[in-house]
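Hello,

Here is the structure I promised to pass on. Please open it and keep it beside you as you read my notes.

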Amino acid sequence: MTTPSTVIDTNDTIAKRWRRATEEPAWIRITLITIALTFLTLFLVLPLTVVLYGAFERGIGVWYAAVSDPDALSAIRLTLLIVAIVVPLNTLFGVAAAWSIAKFEFRGKSVLISLIDMPFAISPVVVGLIFVILFGSQGWLGPWLSSHDMRIIFAVPGIVIVIAFGTLPFIARELIPLMQQQGKEEEEASLTLGANGWKTFWYVTLPNIKWGLIYGIILCNARAMGEFGAVAVVSGRIRGETNTMPLHIEVLYNEYMFTAAFAVSSLLTGLALVTIAIKSAVEWNEERRQRIAAT
Amino acid sequence: MAITLVKRRVIPGFGLTMGFTLLYMGLVFLIPVGAFLLYTTTMSWETFWNAISQRQVVASYKLSFGGSLIAATINLVFGGLVAWVLVRYRFPGKRLVDALVDLPFALPTAVAGIALVTLYASTGWVGQYLDVFGIRVAYTQLGVVIALTYIGLPFVVRTVQPVLEDLEAELEEASASLGADRLTTIRRVIFPALFPALLTGYALAFARALGEYGSVVFISGNLPFRTEITPLLIVSKAEQYDYHGAAAIGTVMLVAAFLMLLIINGLQWWASRRHG
Amino acid sequence: MLNTTSSNTWQLSKLTAAILLSSAIVAGALSTSAQAQSERIDLLNVSYDPTREFYREYNAIFAEHWQEEHDQAVNVRQSHGGSGSQGRAVIDGLDADVVTLALAYDVDALHQRGNLIPEDWQSRLPNNSSPYTSTIVLLVRDGNPKNIQDWDDLVRDDVEVITPNPKTSGGARWNYLALWGYGLEKFDGDEQQTYEFVRQVYENVPVLDPAARGATNTFVQRRLGDVFIAWENEAFLSVEQLGQGEYEIIVPSLSILAEPPVTVVDANVDRKGTREVAEAYLDFLYTDEAQHLAAKHYYRPTNPDILAEYSDNFPDLTLFTIDEALGGWQHAQETHFNDGGVFDRILEDINAQ
């Protein structure tokens, strides 16, 4: 930043030119940062503020009453139950898919990658519709299911399956590029040295992908908790039973209990913020360790 | 080639992982989608065509595709910018900002819709100032675009960011030492390297916006022909017990989504051949 | 390197523990839900949006009553949503013992599309199976700044009207039919003029919410529109609970008698063995106690004596029925709301310009 005013060192001129060619002048940097921050304020910070403001507008007592209401508690329990099923399954899937795609060559790989992305692109509404057509009483499997007294839609299994559908790509997408980029030399080395496949995975692959994995799990978790459109179609909205947190929020909003709706939303938001904070802390720690190791 | 063959045998677990991948995808997603497509084939071509070509339906495609395209473009520009700023510059609160980018993934879409309409309605914090200039956001097509931009925001940022981080400084330095000025370096070196990631992010944001329902219904006026998105129309058909109509329109959305992803893949393949 | 290895083993065991723990939670949750069922009777009442407050209180009263008479605990579970989507859910397999929906058409669908109830379901209980009725009124902002007095004012250019989408909202269908019935009366049964009248009203609608409660939020929370066409009970609720002194109810000169019907879902109660309690649940709606409760929640009791006690709340206005004015629900649905019906034509007309 500083330029000696008296003697112009040749080195310095080069440095200056160099900088001009590899980074932007301060005013451009500041403008760009300002634009980016304004954009993010309008789209991220303000909506977040609205939720938190709405939740605590009438004080912590009202907030607590809303989140400890029996229906709210049952919605929280149901949401946690669903996450406890969906996230481990999608984690296994993500790791398996990334392993097979990144470490092996096979035909149709790019089609497989496209397919894994697909749930991102399918409207939640269509997802709900698919399962109603499949498992509804008027659907293909519905009569058989009801004659065996099994319930899929309008019960927990249906909600689990639509959420698993919608959040399927998150972990896989995080891991595939990461593992592809890391190649397979380290694994091969470990295997040649006599370790078996599992050992290699636990001691070589997992440490390399753990941040991507954690990040993917966090995202998958958040998305699973927040899924709305598809769940709305297959849940049946039974109070205290098949209402997940997002559905319960909609119920409260429709009961004109806006503060309560925002209070339950703030729980989900808070959870999202906490997971994001954990992720940041973990990254920061790692960076610092690397920096210390480097010096 | 001989070496890769040997290597392939060294790493185990292909059968197991591929088997699980296909089994899980099959159960959760491929078989249901397949069954759904099969269901649409039970209706005659004429019924199908009538269902998907009604004027009201066509108007909703225009809004859904048009709105998603605009939203994805906004995200391409600003998302790319945000990624750049987050990777290359230092400013206070950067880590917090970086973390916040994931919020649209994490916040339930219904909550996002309620929050956005609270903000942008003409009584809202932001809406009241826009109202002075005669700009109405809530209940207009602009509102739809805002909601779609919001939900697609993380895609571009999160696909571009890692590539930008991995972009080796040597390349830029080499370009600079060959006498290129900054603009040329950005145009000829950085942009081509980012291009595939930008494209992927763009396409994902677009695809995600196309299907979005939860947040849009709150901020859109939901007026047929004007502010009615296709997913809402699907719900509305299903609620009128018209499953065939709903499934037919749903199929159009599915095919559009799949084409979109194939195009991304094709472009990525093309880009990696060109630059890789 | 050694260091990381040990931390990874730890991580591995943590991951395994997490997976085991979560499966344990799942198993536990599933088994407890299976156990709880044998101890009491569960009923599921699938209803539409505006009845939440009423049924919350009613369920408690009924449970008490049933406990006294049969010495058995009954737990009524509720599901609320748009009338059409609730009906659809029951047809698709939502295990409702009773449905209490916004209009007979949605209940008819249970017979026609799911064969869950007999065709003559509506004659099984008094008053077309409607223990309470309502009507459609106009809600305006305090002081009635646009001076809205009757349906005629809704076609004025300076008036913005809020009403939900009749294709998806049951309440909105009543709104539409009230308008249509008024038009027929005004123009001496001239369909063309009535069509023109209704079209002009819908031209003034800036937002078509998918459901009635969403439309209330649009009018009340977002302060959009000058007049809100609403269920009488919803209008009262807005006046009393959402903003005291912020709204006024305008009672039009003529409106429709809205009959939200109730029925037992035969196929479900017979399979579950809950017919007795489900029927008692609906019969009890006609008792004095329940009728008073309905009046408290701004529904018009069908018992004329009890209705008379609340005559201050429920102004006397001329009400026509859907059978008189529009030839019944099946006919009204086919002509007006199905694809290609009158409402679609109105939308096409408005947007053709």
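This is a predicted model: local features need pLDDT of at least 70, side-chain atom pairs count only at pLDDT 80 or more; totals for chains, interfaces and linings use all residues.

Residues are numbered from 1 along each chain as its sequence is written, while chains are lettered from A and ligands numbered from 1 in the order in which they are written.

Chain A

Six residues of domain 1 and ten residues of domain 2 make the contact between them (contact: C-beta atoms, placed from the backbone, within 7 Å). On the domain 1 side, five are nonpolar, one is polar and none is charged. Nonpolar means Ala, Val, Leu, Ile, Met, Phe, Trp, Tyr, Cys and Pro; charged means Asp, Glu, Lys and Arg; the others, Gly among them, are polar.

An unreviewed UniProt entry annotates "transmembrane region" on several stretches of chain A, including 120–140 and 213–236. Such annotations may be inferred rather than shown by experiment. Residues 120–140 are 67% helix and 0% strand, with end C-alpha atoms 26 Å apart. Residues 213–236 are 83% helix and 0% strand, with end C-alpha atoms 34 Å apart. Helices (H or I, at least four residues) and strands (E, at least two) are DSSP runs, numbered from the N terminus.

Chain B

Look at helix α9 (residues 141–166) of chain B. Its 26 residues reach 39 Å from first C-alpha to last, close to the expected 38 Å (1.5 Å times one less than the number of residues). α9(B) has a kink of about 40 degrees at Gly152(B), shortly before Pro154(B). That bend is the angle between axes fitted to the seven residues ending there and the seven starting there. In α9(B), 19 of the 26 residues are buried (20 or more other C-beta atoms within 10 Å of a residue's own, with C-beta atoms placed from the backbone).

Chain C

Chain C has 16 helices and eleven strands. Of its 353 residues, 48% count as buried. The contact between chains C and B takes 20 residues from chain C and 19 from chain B. On the chain C side, α3 (83–91) and α16 (342–352) each give two or more residues. That side has seven nonpolar, six polar and seven charged residues.

Best wishes

Definitions and conventions. A residue is buried if 20 or more other C-beta atoms lie within 10 Å of its own, exposed if 12 or fewer, and partly exposed in between; C-beta atoms are placed from the backbone. Two residues are in contact if their C-beta atoms, placed from the backbone, lie within 7 Å.
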